[in-house]
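Colleague: Could you walk me through how the chains of this one meet?

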Amino acid sequence: MLELRLVQGSLLKKVVEAVRDVVHNANLYCSSSGFSLQFIDSSHVALVSILLRPEGFEHYRCDRNISMGINLNNMSKILRCAGNDDIITVRAEDGTACLNLMFESPTQDKISDFEMNLMDIKSEHLEIKEKYNAIVKMPSADFYRICRDLSSIGDIVTISVTKEGLKFSSTTGDIGAASRQNNVVDKPEEATVIKMDEPVSSKFALRYLKSFTKATPLSNTVTISLSKKLPIEVEYKIAEIGYVRFYLAPKIEDEVDDTEPKD
Amino acid sequence: MLELRLVQGSLLKKVVEAVRDVVHNANLYCSSSGFSLQFIDSSHVALVSILLRPEGFEHYRCDRNISMGINLNNMSKILRCAGNDDIITVRAEDGTACLNLMFESPTQDKISDFEMNLMDIKSEHLEIKEKYNAIVKMPSADFYRICRDLSSIGDIVTISVTKEGLKFSSTTGDIGAASRQNNVVDKPEEATVIKMDEPVSSKFALRYLKSFTKATPLSNTVTISLSKKLPIEVEYKIAEIGYVRFYLAPKIEDEVDDTEPKD
Amino acid sequence: MLELRLVQGSLLKKVVEAVRDVVHNANLYCSSSGFSLQFIDSSHVALVSILLRPEGFEHYRCDRNISMGINLNNMSKILRCAGNDDIITVRAEDGTACLNLMFESPTQDKISDFEMNLMDIKSEHLEIKEKYNAIVKMPSADFYRICRDLSSIGDIVTISVTKEGLKFSSTTGDIGAASRQNNVVDKPEEATVIKMDEPVSSKFALRYLKSFTKATPLSNTVTISLSKKLPIEVEYKIAEIGYVRFYLAPKIEDEVDDTEPKD
């Protein structure tokens with residue numbers, strides 16, 4: 001038996017909206033340590049990892065570990081039926097073929113019940129190393145703008161971190177070249193903060209980074225972690241409850257590009 | 001000679017927008033008792049009935065009964081040219097082939113004149129029985145949300161009225177099942193109010209109900225009337241002036257569905 | 001060497017957005033008297049003329065006259081990457097194949113650099129006579145609405161100026177006829193002001209006029225100048241800095257229409 005009650009139900013809406021461009025079908029794992037989802041895209045280029053800890057729920061009961069295959073588009077359709085102030089209860093019996101979602105309006109005069117069919121999904125688990133050469137914390141809205149702006153001009157971005165600041169640059173044959181420099185300044189809020197042991201510079205596919213920024217409504221800041229030749233980690237913290245993390249493998253120079261997502 | 005002057009011209013805009021998804025060409029009837037329109041869709045599943053009473057107009061002159069065939073899309077295009085504060089005057093000579101619409105800005109510095117070509121439309125008149133087993137009054141915005149939400153999940157809704165409340169439920173093979181319960185609570189405003197002599201439960205095509213909710217801007221409340229095996233009536237009152245009413249035949253169990261509107 | 005620094009960078013964004021529906025590729029001319037662009041569309045029906053005077057720039061250096069072929073869609077893509085409060089610096093070396101654009105945030109913590117490839121464009125220069133029979137000054141938002149409204153109903157508008165006011169009228173076979181009269185009233189602001197030596201009435205293609213109204217964000221007022229059988233001039237002033245002017249040849253009665261822009 002699984003029963004979770006989330007007072008701030010809009011959080012679950014935001015989490016699903018944040019990842020459903022990257023993840024379509026995935027297994028949701030529940031255990032006594034939390035509600036999690038890990039998904040590797042078919043090209044093994046991008047990975048999404050979500051965690052919601054039990055402390056974030058008003059009520060969290062999970063009698064035994066359970067894995068449920070869900071279609072995130074269907075889950076999104078159902079969650080859009082929840083009002084922004086609704087309390088969401090998620091329920092599943094042991095061995096069930098469907099997940100129950102209940103939305104209660106704060107005044108209890110409106111109650112919506114949904115049964116979502118579950119699926120059988122094969123998945124693999126990937127160990128993620130968390131040792132990075134450079135960690136950048138910046139406003140999530142600024143990261144969103146940079147990804148949106150540069151992807152209107154080019155396909156690949158080079159992200160470079162030095163002690164002085166953070167630089168995003170892109171070159172295209174068609175329009176010209178673009179670069180954006182965020183300097184480290186002495187402002188407590190809204191600033192770009194850098195921790196590093198050595199400078200890093202890596203290239204990434206902009207379309208993936210842009211799709212990660214769908215998580216912007218989850219947090220005012222985003223943490224970007226980089227190491228040479230290793231995947232970038234883009235983390236959006238979800239209040240005190242957990243996180244959504246995206247990983248993307250770097251583009252290796254002169255590599256033939258067959259891993260780009262298609263429109 | 002017909003001459004009507006409507007100070008709150010935006011009302012006419014809202015009425016035309018409310019029905020033009022369901023009605024394309026229809027006859028407008030004017031008599032000394034008001035300005036009305038009745039339309040039955042070609043599949044005989046849905047019916048629209050509009051009434052604007054003479055009391056709603058600053059000036060209402062209708063020398064003899066007149067029937068005018070209009071294209072509601074053309075009328076909508078013309079009415080969109082009226083400012084929201086404009087005074088609208090509708091004029092037609094006896095035996096004319098066009099309807100005159102004049103929009104005056106409140107300060108009289110801007111005047112727009114339109115001549116709309118009329119059409120010859122055959123129409124039938126249907127008597128509507130107005131004896132219902134259950135009458136539900138609820139916020140129109142809430143009814144809009146329920147129709148929008150459920151139609152993203154299923155095609156058919158079962159509407160059930162009991163003394164305890166109102167329930168909308170829908171089942172689909174694909175996603176799962178959905179239901180929404182509105183409980184009767186003791187709040188004077190924004191509440192769902194039910195008057196009934198016996199419980200009713202009927203099935204309806206969601207796409208029609210959803211198109212009826214285009215009338216939501218006309219009124220804060222909607223009145224839904226139900227009887228066993230009879231069409232549902234969905235009424236939006238227009239201030240003190242009149243109403244827009246929609247009627248939809250119920251889905252009979254095991255019936256082959258050939259009456260669905262196509263996209 | 002060319003170097004221009006524009007503190008109110010959003011102005012350059014608005015100018016490019018104002019004209020890029022009408023102009024696709026054009027030569028930008030810089031000299032000591034300003035930054036200008038003149039473009040005649042391929043059908044010789046419409047003409048765009050832009051001027052930004054040196055006084056509008058914080059810094060204006062132009063060592064020698066320079067002509068640069070630009071693609072306005074690429075320039076628009078780049079300018080959309082500028083924040084609304086950004087300071088824009090435009091730079092070009094003599095004999096260069098690209099134009100540099102730099103955007104600085106007001107607090108200098110974010111700097112974006114772009115290199116835009118230049119093109120080779122053949123262009124012709126047209127002398128514009130500026131003697132008009134009637135000059136109308138009206139709110140630009142009102143002119144925008146009239147063009148939008150009438151173009152939803154017809155293709156051609158007749159603009160008539162008399163001492164009493166300004167009239168826009170359009171006739172179509174399909175819907176009917178439409179006209180809009182702006183009367184001269186005694187209000188200092190928001191009014192239609194007319195200066196004329198004789199009444200004028202000319203016909204124009206609405207689709208061009210509608211595309212000119214993309215310049216509406218540049219100014220609260222628009223000045224429309226008319227002479228018999230001569231092109232209309234539609235001018236949007238850019239603060240104290242300059243202007244965007246559009247010219248459109250009138251439709252001559254019974255002329256076969258082969259100059260309409262295609263969608």
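Predicted model: local features only at pLDDT ≥ 70, side-chain atom pairs only at ≥ 80, totals over all residues.

Colleague: Fine. How many residues does the contact take from chain A and from chain C?

Modeller: Chain A brings 19 residues and chain C brings 18 residues, where contact means heavy atoms within 4.5 Å. The area buried between these two chains is about 1,500 Å², with 44% given by carbon and sulfur atoms; buried area here is the accessible area (1.4 Å probe) that two parts lose on being put together, summed over both. On the chain A side, A:Ile175, A:Ala177 and A:Ser179 lose the most area to chain C, together 31% of what that side buries.

Colleague: And which residues form a salt bridge there?

Modeller: A:Asp142 does so with C:Lys110, their closest N and O atoms being 3.9 Å apart, under a rule that asks for a side-chain nitrogen of Lys or Arg within 4 Å of a carboxyl oxygen of Asp or Glu. That rule finds 1 salt bridge across the interface of chain A and chain C.

Colleague: What about strands, which ones pair across it?

Modeller: S13(A) and strand S9 (residues 110-117) of chain C pair in the antiparallel sense over 7 bridges, pairing being called if DSSP finds at least two bridges between two strands, and strands being DSSP runs (E, at least two residues) numbered from the N terminus. Within this pairing, A:Ser179 stands opposite C:Asp113.

Colleague: Switching to chain B, what joins it to S9(A)?

Modeller: S9(A) runs antiparallel to S13(B) and is joined to that strand by 7 bridges, with A:Phe114 opposite B:Ala178. The side chains of A:Lys110 and B:Asp142 also meet in a salt bridge, at 3.9 Å from N to O.

Colleague: Last topic: how many aromatic pairs are there over all chains?

Modeller: The search finds 18, counting rings of Phe, Tyr and Trp (its six-membered ring) whose centres lie within 6.5 Å, with planes under 30 degrees apart called stacked, over 60 edge-to-face and the rest tilted.

Colleague: Why is the pair of A:Phe103 and A:Phe114 called tilted?

Modeller: Their ring centres are 5.2 Å apart and their planes stand at 40°, so the pair is tilted. A:Phe103 belongs to strand S8 (residues 98-104) and A:Phe114 to strand S9 (residues 110-117) of chain A, 11 residues apart.

Definitions and conventions
Residues numbered from 1 in each chain as written. Chains lettered and ligands numbered in written order. Heavy atoms only, no water. Helix = DSSP H or I, 4+ residues; strand = E, 2+ residues; numbered from the N terminus.
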